[in-house]
Amino acid sequence: MLKRINTIDSEIKNDLFVIPNNEKINVAVELILANEKLVFQIQEQKKRDSELIVITNQLAFQNQEKQKLSAKLIIAEKEIGHQNKEKEKRASELLIANKELAFQNLEKEKRATELIIANKKLIFQNQEKEKRAAELILANKNLVFQNQEKEKRAAELIIANKELAFQNQEKEKRAAELIIANKNLEFQNQEKEKRAIQLLNAISELNIAEEYQKEYIIGLEKLMFMTSHKLRQPVTNILGISFLLDQSSNSKQEIKDYLEYIKQSAITLDTFTTELTFFIHTLKQKEKN
């Protein structure tokens, strides 16, 4: 380009020799100005070429970055699709979990209702137990009274035996008076036989009463044992399991197991109540007989 400009300058100088001086000066000035403009334009074009190269490089770099971003965008879209699928799975699992939680709440309410009914039954049974305890106290008082009566009868028998021995001694003394006192003696013998029969009957009744007393005491002891052991065991189990249910760290399976244990204890308690009722009824029948 510079060679071309120098060639143009030499041509202009050659032309100046055939042009008048004033016009030569004007043309020379215009040519110089045009030459300077042309040099300036060439320099500006070089700058634009340099800038164009830089812009081209930047554009290539931007295209590479754009390709990288496109690849990242494709990966991100795949990840978003995968995350959406996982989100749908989690949503379905959450629906199933909510259904299970609702079912467990219903079961929990049922168990709470059963516990309330069991507590009412237990309160009723405790009231019945108190009634039976009061009846046992009255029975013990009756037994004490019967023992006292038995002791009185025994004392009377001792006195009667002493009197009988004294009468025998008097009978020996009055042997000489047997003929005269025969009628009186026969009468006394008759009375003695009557008293002997009465004494035998009294002894028989006392023996029967003593046997009944022994059986009654054994029955009371058995009743107290059943009440203090068989009744207390399921009640203690229910209280212990209720305490465990109050713990917030229980799992679902543990709560289910605890409820099963409470159910088994309640069944045991109901069975024992039936046995206790039958036993008390049998004891009363023996008392009537």
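Which residue does the side chain of K47 meet in a salt bridge? The partner is E44, with 3.9 Å from N to O. A salt bridge here is a side-chain nitrogen of Lys or Arg within 4 Å of a carboxyl oxygen of Asp or Glu. Is E44 buried or exposed? E44 is buried, at a relative accessible area of 19%.

Before going on, a word about where this comes from. This is a predicted model, in which local features need pLDDT of at least 70 and side-chain atom pairs count only at pLDDT 80 or more, while totals for chains, interfaces and linings use all residues. Residues are numbered from 1 along each chain as its sequence is written, and side-chain values use heavy atoms, with hydrogens and water left out.

Now the whole chain. The protein chain has 4 helices and 0 strands, so, read along the sequence, the pattern is α-α-α-α, where helices (H or I, at least four residues) and strands (E, at least two) are DSSP runs, numbered from the N terminus. How many of the 289 residues count as buried? The share is 13%. The accessible surface comes to about 23,800 Å², and 59% of that belongs to carbon and sulfur atoms. Those areas come from the Shrake-Rupley method with a 1.4 Å probe, and for residues only the protein chains shown count as cover.

How do the parts of the chain meet? Take contacts in the protein chain between residues at least 6 apart in sequence: 78% of them join residues at least 24 apart. Contact means heavy atoms within 4.5 Å.

Next, confidence. pLDDT is the predictor's confidence in each residue, from 0 to 100. The protein chain averages a pLDDT of 81, and 89% of the residues score at least 70. Where is confidence lowest? That is helix α1 (residues 2–16), at a mean of 50, whereas helix α2 (residues 21–173) has the highest, at 87. Over residues 1–5 the pLDDT is below 50, and this stretch has 5 contacts in the model beyond near neighbours in sequence.

Let's go back to helix α2, where we began. K47 and E44 both lie in this helix, 3 residues apart, about one turn of the helix. Side chains of opposite charge can pair when their charged atoms come close. Another pair is E128 and K131, whose closest N and O atoms are 3.7 Å apart in a salt bridge. Being 3 residues apart in helix α2, these two are separated by about one helical turn. K131 is partly exposed, at 47% relative accessible area.

E149 and R153 also meet in a salt bridge, at 3.4 Å from N to O. Both lie in helix α2, 4 residues apart, about one turn of the helix. E149 counts as partly exposed at 21% relative accessibility, and R153 counts as partly exposed at 37%. Salt bridges that share partners join E44, K47 and R48 into one network. By this rule the count comes to 13 salt bridges.

I25 lies in helix α2 and counts as exposed because its relative accessibility is 52%. I25, V29 and L33 make a nonpolar surface patch of about 270 Å². Patches are made of residues with over 30% relative accessible area and no salt bridge: like charges are joined within 9 Å, and nonpolar side chains (Val, Leu, Ile, Met, Phe, Trp, Tyr) within 5 Å.

Now let's look inside. The largest nonpolar core has 16 residues, and those with the most contacts inside it are Y216, L223 and L276. The elements giving two or more residues to this core are α2, α3 (182–245) and α4 (252–288). A nonpolar core is a set of buried Ala, Val, Leu, Ile, Met, Phe, Trp, Tyr and Cys residues joined through side-chain atoms within 4.5 Å.

Two last stops. S265 lies in helix α4 and is buried, with a relative accessible area of 7%. Which residues does S265 contact, leaving aside neighbours within four places in sequence? They are P234, N237 and I238. Finally, R232 lies in helix α3 and is exposed, at 58% relative accessible area.

Note on methods
Buried means under 20% relative accessible area, exposed over 50%, partly exposed in between (1.4 Å probe, protein chains only).
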